[in-house]
Amino acid sequence: MVKAVHYLNQFFAGLGAEEAAETEPTRLDGAVGPGRGLQAQLDGVEIAATVACGDDYFAEHEDEALDRLLALIEAEQPAVLVAGPAFGSGRYGYACARVVAAAAERGIPAVTAMHPENPGAGAAGRALVVPTQVNVAGMREALPVLGRLASALAAGRELGSPDEEGYLPRGFRRNRFAEQPGAVRAIDLLLAKLGGEVRSEVAAGFDRVPPPAPVQDLGTALLALVTEAGCVPQGNPDRLPTIRARGWLRYPLEGVESLSPEAYESVHGGFDVTLANEDPNRLVPLDTVRALEREGRIARLHDAFYTTTGNGTPVESATRFGREIAAELRDAGVQAVLLSGT
Amino acid sequence: MRRDRGRDLRVPRLPAGRVTAFELASFPADLLAVDRGRIERLVTDEPALAGVEVEVVAPGAPVRVTHILDAVEPRIRPDGRPAFPTEGRAGTGRTNRLDGVAVLSCADFPGEERPLHEQESIVDLEGPGAALTPFGSLTNVVLDFEPAEGVGHFALDEAVRRVTLAVAELVAEPTLAAEPEEIERFELGPGDEELPAVAALIQLSDLGQLYYQYLYGTPVGQAGLPRALDPAELLDGAVTCGEYHWAALRNPTLFFQRNELVRALYSEHGNRLRFAGVVLTRGYEQTAEDKQRAAERAADAALALGADGVVITTDAGGNSHTDTMLTCRACERAGIKTAVIVAEMADPEATSPGLTDWVAEADCIVSAGNAEELVDEWMPARVLGGETLLDGTPAAAAGRVPVRNYLGATNQMGQGALQATAW
Amino acid sequence: MLAKEIERAGIPTVFVTALPTVATMIGVNRNVHAPAITHPFGLDGSERRRIVERGMEMLQADVTPTTVWEVA
């Protein structure tokens, strides 16, 4: 018999309704409220503790609440964490998602349940999300699925596909052999579309960042140059890879007025770098920006430029590089960036 | 069926009753006879080549083949015309094929200085990677070429391609004296006007030598693409391969000879659709304007064929996917419905999408599989082509190999059934 | 994708790219359409100046998400 921890909000943990929404992270013994129904659906797993937090408290102290909750959860050394079901409740769903995502990242298998349109449904990271009805009437239906998946996770059983097992796709892509070759599937999908029914095997889905406010006046601003076109000093002294770069580099620009072909080159492996090597300013427009600096159109150019090769770089790596570079730029007080890529 | 066009265009049609008749006669693999002497003489005539090792490998042998440049199906014409013509027109009359056989050419390009950097290209004939390519179920004639001392890349490439295509014809010679097992006749009579007209927009690449395909021996960037082609020409050796990057996403010669999309459209002609024809498009247009203009011209070519819908295919990776998506957008804006085939490059451990490019009009996408997934380790009993992979690991013990290194594994013409699904 | 992460840190960023459809798919907000993959900042100095000036204009402009500007 292995242990589970169950996360609930203040209401489902029986601590009160809206007036208890500021409840701080707290621990209760065993299964509480819907946890008792969940316990009946678990196989080989015992709910050792219930961890609860007020929805408002979580929303207002997210990082701190998460730390405290994870500490409470980890203290139980559970084989699985279950959160919710949150149904359509947005704050609760979001809190569930964050808790299970964080637990999963720390190696605790985790599953939650909520309505597919709950804002938390897309925020659970590697943890599983079981789709439910929009309100508590869906409890009866949700608990068996939640129980089965939690038991599977606790036992370390390998899971089947989202369709087979009843959880929402998390955004991973996994290969399999379809029944028909792609050519036949393409013809089938096209004929369906011509008949008015649009289906796709792939959907693009990237998160959105709101555009930052514009620079008031570049004449008083610090501008930085960044490139994904693999511009490096001649000879690539730090060995930036031509494809699937594992990092980024920073090179000084103090006293440099223009990128000369003797001193710089491009090592990007995804396009013909002949033109870029003839004049590296074609990738990183240093000569022009220096001229604008002299004219007072830009107050100052940051004293270094950042470079990587955006060729076959997995999204996660590019995201990490971006965050690291962004942190440096922010610390340096950079107010605007010109970025070149392919 | 009514087509609602955004533009008022007079659409020329194939004259009623015109047929394009091409016969493909299939002969069994046991007719294969590999004359090593003749092959070696072909190589002796090539100053760029120092030699060749020829191996005939049975289907499903525990062999890993590396450094593969091209895969070609043995073909020969009874009328004596070349099987891979550089002039005239393929796709008429009869061509013989050896069923169940492929010729694989292998070579490593010496030296570091290249405008682009090619990636490894392997095939496993057995083991967990076998199902990713069609070669495990074929008899493979493996040509492992040794470059001459100090030879340049382009000269090596030209010699390898010449010899490989010549060998593909040579080993099919026994079919000339035999009876075919099967004759397929490819022709397009006038179809039922009520059926939707579907065309295939097939992308070929040109990023300079070592990174292009050829149309009748001309690099596709110089072949006036986009342009319509009789589908039978595609099946009959008009397109050959000289492209060596993006192993899993590119299309060797054999994928045109055995093109599933064109074959399926022929077979559906008169059933669920009218096969309106093929337009060859070029991936890797290098400027924004060129990409946009080429996309619009591809849409115009599809309109000229009278297409109601098109399947748009992709070759290789990177910004060729932008050409695909712009072509999709141009077609949709011209009133032609599209289905697009692309491979995905999704980190298997991350929940981020794997499309290289996308436009809002691409609402109907076929997944050719995720090239970033890793295949379980397999230790072949034997390695052909090169003992060491391009990244320096030993080919016989390379650990988990990404799908992206397997030749044609995630090809984007729909040859195989690999597909990435939501997980 | 670098541009988005720098934007996430609150620094207005203009991405000069020959593939604006990739950028808008990923969700980059400020994009200037570069003439070519091989030379995003143009071939000669005057073309470069026009592209950089367009970028500067965009840095100082309010934009709706995933906007692409052409260079005159």
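Tutor: Strands here are DSSP runs (E, at least two residues), as helices are (H or I, at least four), numbered from the N terminus; two strands pair if DSSP finds at least two bridges between them. This is a predicted model, where local features need pLDDT of at least 70, side-chain atom pairs count only at pLDDT 80 or more, and totals for chains, interfaces and linings use all residues. Residues are numbered from 1 along each chain as its sequence is written, while chains are lettered from A and ligands numbered from 1 in the order in which they are written.

Student: In what order do the four strands of the open sheet in chain B lie?

Tutor: The order is 2-9-7-4, with mixed pairing. Strand 2 (49-57) and strand 4 (68-72) of chain B are the edges, each pairing on one side only.

Student: How many bridges join strand 4 to strand 7 of chain B?

Tutor: Four bridges join them, and the two strands run antiparallel. Ala71(B), for instance, has Leu104(B) as its bridge partner.

Student: On to the contact: how many residues come from each chain?

Tutor: Chain B gives 56 residues and chain A gives 45, where contact means that C-beta atoms, placed from the backbone, lie within 7 Å.

Student: Which element gives the largest share of chain B's side?

Tutor: Strand 19 of chain B does, with six residues.

Student: Which strands pair in the antiparallel sense over five bridges?

Tutor: Strand 7 (residues 173-177) of chain A pairs that way with strand 23 of chain B. There, Phe177(A) has Leu418(B) as its bridge partner.

Notes. Contact = placed C-beta atoms within 7 Å.
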